[in-house]
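Take a moment with the sequence and the 3D view before reading on. The paragraphs below walk through them step by step.

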Amino acid sequence: MFVFKGPKEYVNILTQGSVEFANVANNHSYDYGQQGYKDTVTLLEEHGVAYADRKKYPIFEADGLKIGVYAVAGAYNTAGVAENIKALKKAGADIIIASMHWGEEYQLEPTSYQKKIAQALCDMGDVFIHSVIRHCAIHQRRYLPCQSPHPTSPRRSSLHFSEEICGRW
């Protein structure tokens with residue numbers, strides 16, 4: 001089992017690097033329990049770094065466009081994912097970035113459930129998928145077009161899966 005923790009000062013790496021947003025929805029979010037998680041998000045808030053997690057899906061505005069962020073670790077259920085995406089749209093998001101921390105560890109290809117959920121997201125329209133596949137070093141990225149883009153949207157969703165070179169660390 002791996003557990004991760006760093007000194008509080010590491011938040012300065014984010015702020016000095018102009019990082020404005022972090023996704024804390026992953027399988028290590030609670031390595032140090034509820035208090036460790038609370039310490040992490042409090043530190044981000046104190047330093048002006050916005051975040052999304054398994055229960056907090058913020059909406060940002062950039063150049064007049066409202067961008068919703070949906071973050072999840074281990075999405076296996078299209079109904080649950082769709083419900084949260086619809087809630088972001090209802091709250092006023094023009095487009096949504098779905099940051100998906102999912103997949104089988106050390107595997108090169110997306111699983112059938114990833115493809116199914118990704119297509120369901122794509123069919124909703126105006127959803128862009130940021131796929132984070134666990135425990136793999138990213139080698140290159142490929143963008144796969146939707147099989148059936150949302151017909152009423154002027155923008156089209158795109159599926160994003162990373163090709164990986166995997167190996168145990």
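This is a predicted model: local features need pLDDT of at least 70, side-chain atom pairs count only at pLDDT 80 or more; totals for chains, interfaces and linings use all residues.

Residues are numbered from 1 along each chain as its sequence is written, and side-chain values use heavy atoms, with hydrogens and water left out.

Start with the layout. The protein chain has 4 helices and 8 strands. Here helices (H or I, at least four residues) and strands (E, at least two) are DSSP runs, numbered from the N terminus. Read from that end, the order is α-β-α-β-β-β-α-β-α-β-β-β. The protein chain has 169 residues, and 38% of them count as buried. Buried means under 20% relative accessible area, exposed means over 50%, and partly exposed lies in between (1.4 Å probe, protein chains only). Contact means heavy atoms within 4.5 Å. Take the contacts in the protein chain between residues at least 6 apart in sequence: 72% of them join residues at least 24 apart.

Now look inside. A nonpolar core is a set of buried Ala, Val, Leu, Ile, Met, Phe, Trp, Tyr and Cys residues joined through side-chain atoms within 4.5 Å. The largest one has 18 residues. Which residues have the most contacts inside it? They are Y70, I85, M100, L121 and V127. Five elements each supply at least two residues of this core: β4 (65–73), α3 (78–90), β5 (95–102), α4 (112–124) and β6 (127–133). Of these, α4 gives the most, with 5 residues. I85 shows how the pieces meet. Leaving out residues up to four places away in sequence, I85 touches Y70, I96, L121, M124 and V127. There is also a second, separate core of 9 residues, and A22, L44, V49 and Y51 are among them.

Next comes a pair of helices. Two packed helices are described by the angle between their axes and the distance between the axes. For α3 and α4 the angle is about 25°, and the axes are 10 Å apart. The axes are lines fitted to C-alpha atoms, for helices over the stretch in contact, and angles run from 0 to 180 degrees between N-to-C directions. α3 and α4 are therefore roughly parallel to each other. The scale behind that word is simple: under 35 degrees is roughly parallel, over 145 roughly antiparallel, 65 to 115 roughly perpendicular, and the rest oblique. α3 passes α4 in a right-handed crossing. A crossing is right-handed if the near helix is turned clockwise from the far one by less than a right angle, and left-handed if anticlockwise. On the α3 side, T78, V81, A82, I85, K86 and K89 make the contact.

Beyond its neighbours within four places in sequence, L65 is in contact with F60, D94 and I95. G68 also lies in β4. Is G68 buried or exposed? At 0% relative accessibility, G68 counts as buried. Not counting residues up to four places away in sequence, G68 touches P58, I59, L88, A93, I95, I96 and I97. A93 is 25 residues from G68 in sequence, and their C-alpha atoms are 5.1 Å apart.

Two loop residues come next. D63 is found in the loop between β3 (59–62) and β4. D63 has a positive phi of about 50° although it is not a glycine. D63 counts as exposed, at 87% relative accessibility. D126 is found in the loop between α4 and β6. D126 has a positive phi of about 55° and is not a glycine either. D126 counts as buried, at 12% relative accessibility.

Finish at helix α2 (residues 33–46), where E46 lies. E46 is exposed, with a relative accessible area of 59%. The C-alpha atoms of E46 and V11 are separated by 9.9 Å, and the two residues are 35 apart along the chain.
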